[in-house]
Amino acid sequence: METRYADLIKKLTKLTIDGNVEWEKSSTEWQYRLELKSATFVIDKMQTQIVEGILYNTSYELIMYNNRNIEISIAKETIATNSNENSILYELYCAAENSYLKETETIKKVMDELNELDLPI
Amino acid sequence: MKKHIKIFLGLLFIIIFGLIIGLYGKYTPDYQKNIFNLSTLIGGYISAYGLFVAILQIFALQAITQSTQTAVKETKEKVEQILSISDLAKIVANIRFIEECINSDKYELAKLRLCDVKDFMTRVEFIKRIEFDREEFGRLKKRVEIGLSNLDKQINNKGKLDKIIFCQDMEEVATILSTLENQLKSK
């Protein structure tokens with residue numbers, strides 16, 4: 001992967017985790033999009049079956065649409081199911097998913113609320 | 001040239017002609033009164049008057065040409081506007097049809113119609129006399145492009161289309177196009 005693309009992915013991941021940009025659900029399953037003024041980013045997760053019902057390869061792809069609506073593939077990575085490696089695209093995907101679902105934030109709020117209820121009177 | 005101007009010019013010709021003949025009869029010494037002098041005078045008058053009328057006609061023609069050009073331009077703009085309104089209405093109907101296709105799993109047909117929507121959205125930017133948020137419009141154009149790519153994935157079994165999000169995106173496109181249609185209608 002080119003350094004400029006890796007830098008871009010890391011920057012997007014950091015901004016997403018910090019909550020400075022917000023991803024939305026896109027029109028395909030396991031796909032999220034980020035609309036910026038200068039471009040729109042789409043991150044996709046795809047699963048390919050290797051052995052029926054057992055093994056899957058998971059691919060992540062980041063695509064950028066420029067202002068002339070041209071599709072530019074930034075990066076694509078495939079991770080085997082039994083692999084423990086974490087790619088930068090996987091991190092971005094997780095951050096994007098969390099940015100849309102707000103799972104971490106909601107769980108934290110719920111825990112705070114539950115803790116308040118649990119206080120001894 | 002209008003009829004009343006023609007009548008006026010005709011009367012003017014006769015009056016001046018009479019005046020010249022009168023002045024000729026009154027002030028020309030008798031020894032100079034002959035057919036040659038009279039014909040020279042009349043000929044000169046007719047030539048001068050003819051030149052005056054010709055100049056008037058040139059100006060009148062110029063005015064007619066200008067007003068014709070303005071009328072043609074106005075008509076053309078009006079026709080373009082009517083066409084734009086009907087095109088916008090047609091494309092909004094097309095979007096509704098795409099949503100129906102998606103809900104009944106007719107993805108190939110939806111893709112064909114979505115290509116029309118995409119082409120039309122490119123054309124919209126060239127329609128004069130409409131104002132819109134170009135940034136927002138560009139964002140929606142990208143969504144249409146993503147929609148096309150996702151329809152491709154669905155057709156080739158490379159991904160599963162999220163019908164709800166897809167239709168929501170289409171609705172946003174339909175809304176902005178309807179706003180433009182109303183804007184054109186109100187002009």
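A residue counts as buried if 20 or more other C-beta atoms lie within 10 Å of its own, exposed if 12 or fewer, and partly exposed in between, with C-beta atoms placed from the backbone. These views show a predicted model, where local features need pLDDT of at least 70, side-chain atom pairs count only at pLDDT 80 or more, and totals for chains, interfaces and linings use all residues. Residues are numbered from 1 along each chain as its sequence is written, while chains are lettered from A and ligands numbered from 1 in the order in which they are written.

**View 1. A positive phi at A:K102.** Here's A:K102, in the loop between α2 and α3 (103-117) of chain A; helices (H or I, at least four residues) and strands (E, at least two) are DSSP runs, numbered from the N terminus. Its phi is near 55°, a positive value in a residue other than glycine. Most residues other than glycine have a negative phi. A:K102 counts as partly exposed because it has 13 C-beta neighbours inside 10 Å.

**View 2. A positive phi at B:D105.** Over in chain B, B:D105 sits in the loop between α2 (35-103) and α3 (107-124). Phi is near 60° at B:D105, again a positive value in a residue other than glycine. With 10 other C-beta atoms within 10 Å, B:D105 is exposed.

**View 3. The largest nonpolar core.** A nonpolar core is a set of buried Ala, Val, Leu, Ile, Met, Phe, Trp, Tyr and Cys residues joined through C-beta atoms within 7 Å. This one has 20 residues, and among those that touch the most other members are A:F41, A:L62 and A:L89. The largest share, five residues, comes from α2(A). A second, separate core of 19 residues includes B:I98 and B:V173.

**View 4. Helix α1 of chain B.** Chain B has five helices and zero strands. Its α1 (residues 3-27) reaches 36 Å from first C-alpha to last, close to the 36 Å expected at 1.5 Å a residue (that is, 1.5 Å times one less than its number of residues). The number of buried residues among the 25 of α1(B) is zero, so this helix lies largely in the open.

**View 5. Where chain B meets chain A.** Here 19 residues of chain B are in contact with 15 residues of chain A, contact meaning that C-beta atoms, placed from the backbone, lie within 7 Å. On the chain B side, α4(B) gives the most, with 11 residues.

Terms used:
Two residues are in contact if their C-beta atoms, placed from the backbone, lie within 7 Å.
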